[in-house]
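Visitor: Could you take me closely through one part of this model, the place where the two chains meet?

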Amino acid sequence: MPHISFELLFPISIVAGFVGAMAGMGGGVVIIPVLTLLGVDIKHAIAISILSVIATSSGSASAYIRDHITNLKVGMFLEMFTIAGALTGARITLAVSPRPLYIIFGLVLLSSWLALFFGSHALAHTGPQDKFTEWLELEGSYPDRVLGQTVHYKARRAYFGAPLMYMAGIIAGLLGIGAGAVKVLIHDLIMGLPPKVSTTTSNMIIGVTALAGASVYLMAGLIDPGLAAPVILGIAVGAFLGTRLLVRMSNQAVRRFFLFILLILAAEMIVRGIRGGL
Amino acid sequence: MTGDPKIRAGTRTGASASDLGETEQEFDMDAIVGYILLIGVLISLVLVVAALIWRWIDTGTLAFGYKLTGANLFQLVVDEVRLVMHGMLRPRLLLSMGIAMLMLTPFIRVLVSMVYFMAALKNWKYSLFTAIVLLTLTYSLFLR
């Protein structure tokens, strides 16, 4: 594996964290393609990325939880499934050859991209709560600062959301990303959570899911501390700056520009996977 | 069943109580969970930065050329504690501690949530769910 100096990898990771945050995704989806372009083996790149995912998701989840927007019960219930999925996914990564990983990475990035580009929140609507979801006590309320009032909501179809979250966990563990776009989609469309609750709760779930995946990669000896240090620090700094800027930004064009970068990365990963000779 | 205000405390509590015009002042679990995550990540980042600075002062380079081979988190932490006890605090030890701290952060969050569901809310359902999460993580992090 090539030696990449801290002086190079740190600024690159800041940019990766920044671009990821501006596009509304995590830093993982940017740093993995970049690391592989620098000559890092994709499995090592995945292992390092998943560590940085713990840092960024826990960091941003913290503020949302303290603001009482995150639903701890929804999080705890779904974490059972995402963790099992992440353990499965990480094992698969250890077992398979790199080429399918490139292709799957590209395809997942592409579908997350479509979900983000076209947006899904408008489709969410509340329906009657089923018995199972009611038994799970999956409901809540949060203070909405924009509306200036407390929003009450009831989740539904947890029986359907749970197995899908297992699949989302597989993707996260397999590719070393947060897979936040996939999780938010499940929360929104299947379980009918309000957008704010779904994004913030998914953020909390991402942290433990990444941890489950990271445990497998740690055991496999794929976590290289020398590479991990600049990546964790850089992505944390970049994501922090990106989220700050994103909150103040109303211009959709800028966000679309960053989404466009992700589209190129997705296409490039698929092409490399198909061509082989990595 | 959801009529009990305590049961709903996990999702709706404390600081917002005044905005909501509620009088009950509950134990603010959200704040504790939130701060655990924040402090854990900050400690971990500080350890990584300290390791890098020390490394740079020592050798003039920021490169670390070691591997964490086939260790589970438990072995990693035990080895680190042993080295610190022997006064062997070195840059690479600080870096490993930073990585271990990062991985312990979500784990501690789940542990504290379980204690909360068990002791404060006495919600057996969610105590069980959290216990399943905790056992799975404990197995994959410390026992394998």
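Guide: What follows goes from the whole contact between the chains to one pair of helices.

This is a predicted model, in which local features need pLDDT of at least 70 and side-chain atom pairs count only at pLDDT 80 or more, while totals for chains, interfaces and linings use all residues. Residues are numbered from 1 along each chain as its sequence is written, and chains are lettered from A and ligands numbered from 1 in the order in which they are written.

Counting two residues as in contact if their C-beta atoms, placed from the backbone, lie within 7 Å, 55 residues of chain B touch 48 residues of chain A. On chain B, the elements giving two or more residues to this side are helix 1 (29-59), helix 3 (91-120) and helix 4 (124-143), where helices are DSSP runs of H or I with at least four residues, numbered from the N terminus. Helix 1 of chain B supplies the largest share, 13 residues.

That helix packs against helix 3 (residues 42-66) of chain A at an angle of about 150°, with the axes 8 Å apart; axes are lines fitted to C-alpha atoms over the stretch in contact, and angles run from 0 to 180 degrees between N-to-C directions. Because angles over 145 degrees count as roughly antiparallel, helix 3 of chain A and helix 1 of chain B are roughly antiparallel to each other. Among the residues that meet there are A:Ala55, A:Ser58 and A:Gly59 from helix 3 of chain A, and B:Gly34, B:Leu37 and B:Val41 from helix 1 of chain B.

Leaving aside neighbours within four places in sequence, A:Leu51 is in contact with residues of both chains, including A:Ile232, B:Ile99 and B:Leu102.

Conventions: Angles under 35 degrees count as roughly parallel, over 145 as roughly antiparallel, 65 to 115 as roughly perpendicular and the rest as oblique.
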